[in-house]
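The sequence and the structure are shown first.

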Amino acid sequence: QAYLWLMIASPLINAGIQTLDRKNLTILVILGGILCCISGWFFENDNSTGHNALQLFYVYSIGRFININEISGKITKAKALLLYFIMCICAAVLMIFYQRRGLLMHTHHNNPFILFSSIAVFLYFSKGKSNRGIKLQR
């Protein structure tokens, strides 16, 4: 259901994000990280699992941030793969640590390690041969 709302709202989201310069988009991504990742952990609010429209908007804004700053052009496939494995190991260690203590909230999609591993997968596949002629829409 959240994906459907994101699809419907994406023209409005794009219009809003396009009005932001790099500095303000960076601020949005940082504040979104605090709101989506950290607040759910510490305050156990409605964003404690990362399964909501706010989280989808946040991931959408990260994609726009990557596109504007041309990060996918600056990261090699090897670095993206290394980032993925490091983030997966960190996420696994964190999950084991907290699950042994009966805390499950650190295993959800708003875990920063899981989020960064997803970004690394995106960066890895953005380097594929099938994408050579494709320019991401700005």
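In which helix does Ser-72 lie? Ser-72 belongs to helix H4, which covers residues 71-74. The model is a predicted one.

## Overall architecture

The protein chain contains six helices and zero strands. Along the sequence, the pattern is therefore written α-α-α-α-α-α. Of the 138 residues in the protein chain, 32% are buried.

Leaving aside residues up to four places away in sequence, Ser-72 touches Ile-66, Leu-123, Ser-126 and Lys-127. Of these, Ile-66 is listed among the buried residues of H3, and Leu-123 among those of H6.

Gly-73 is also found in H4, but Gly-73 is exposed, with a relative accessible area of 59%. The C-alpha atom of Gly-73 is separated by 8.1 Å from that of Lys-127, although the two residues are 54 residues apart along the chain.

Glu-70 sits in the loop between helix H3 (53-68) and H4. Most residues other than glycine have a negative phi. Glu-70, which is not a glycine, has a positive phi of about 50°, and takes this value just after H3. With 40% relative accessibility, Glu-70 counts as partly exposed.

Helix H3 has 16 residues and reaches 22 Å from its first C-alpha to its last, close to the 22 Å expected at 1.5 Å a residue. Its buried residues are Gln-55, Leu-56, Tyr-58, Ser-61, Ile-62, Arg-64, Phe-65, Ile-66, Asn-67 and Ile-68.

Helix H5 covers residues 77-99. Its 23 residues should span 33 Å at 1.5 Å a residue, and its end C-alpha atoms are 32 Å apart, which agrees. The buried residues in H5 include Ala-80, Met-87, Ala-91 and Leu-94.

Helix H6, residues 112-125, has 14 residues; the distance from its first C-alpha to its last is 20 Å, close to the 20 Å expected at 1.5 Å a residue. Ile-114, Leu-115, Ser-117, Ile-119, Ala-120 and Leu-123 are the buried residues of H6.

## Packing of H5 against H6

Two packed helices are described by the angle between their axes and the distance between the axes. H5 and H6 pack at an angle of about 160°, with their axes 8 Å apart. That angle makes H5 roughly antiparallel to H6. The crossing of the two helices is left-handed.

On the H5 side, the residues that meet H6 are Lys-77, Ala-80, Leu-81, Leu-83, Tyr-84, Met-87, Cys-88, Cys-90, Ala-91, Leu-94 and Met-95. On the H6 side, they meet Phe-113, Ile-114, Phe-116, Ser-117, Ala-120, Val-121, Leu-123 and Tyr-124. Among these H5 residues, Ala-80, Met-87, Ala-91 and Leu-94 are buried.

## Packing of H3 against H6

H6 also packs with H3, at an angle of about 45° and with the axes 12 Å apart. That angle makes H3 oblique to H6. H3 passes H6 in a right-handed crossing.

In this pairing, Tyr-58, Val-59, Ile-62 and Ile-66 of H3 meet Leu-115, Ile-119, Phe-122 and Leu-123 of H6.

## Cysteines

How many disulfides does the structure hold? The number is zero. The sulfur of Cys-88 is 9.4 Å from the closest cysteine sulfur, in Cys-90, which is too far for a bond. A disulfide would need the two sulfur atoms within 2.5 Å. For Cys-90, the closest cysteine sulfur is in turn that of Cys-88, at 9.4 Å.

Cys-88 counts as partly exposed at 28% relative accessibility. Cys-90 is partly exposed too, with a relative accessible area of 28%.

Note on methods. Residues numbered from 1 in each chain as written. Predicted model: local features only at pLDDT ≥ 70, side-chain atom pairs only at ≥ 80, totals over all residues. Heavy atoms only, no water. Helix = DSSP H or I, 4+ residues; strand = E, 2+ residues; numbered from the N terminus. Expected span 1.5 Å × (residues − 1). Buried < 20%, exposed > 50% of the residue type's maximum accessible area, 1.4 Å probe, protein only. Axes fitted to C-alpha atoms, helices over the stretch in contact; angles between N-to-C directions. Parallel < 35°, antiparallel > 145°, perpendicular 65-115°, else oblique. Left-handed = near helix turned anticlockwise from the far one by under 90°. Contact = heavy atoms within 4.5 Å.
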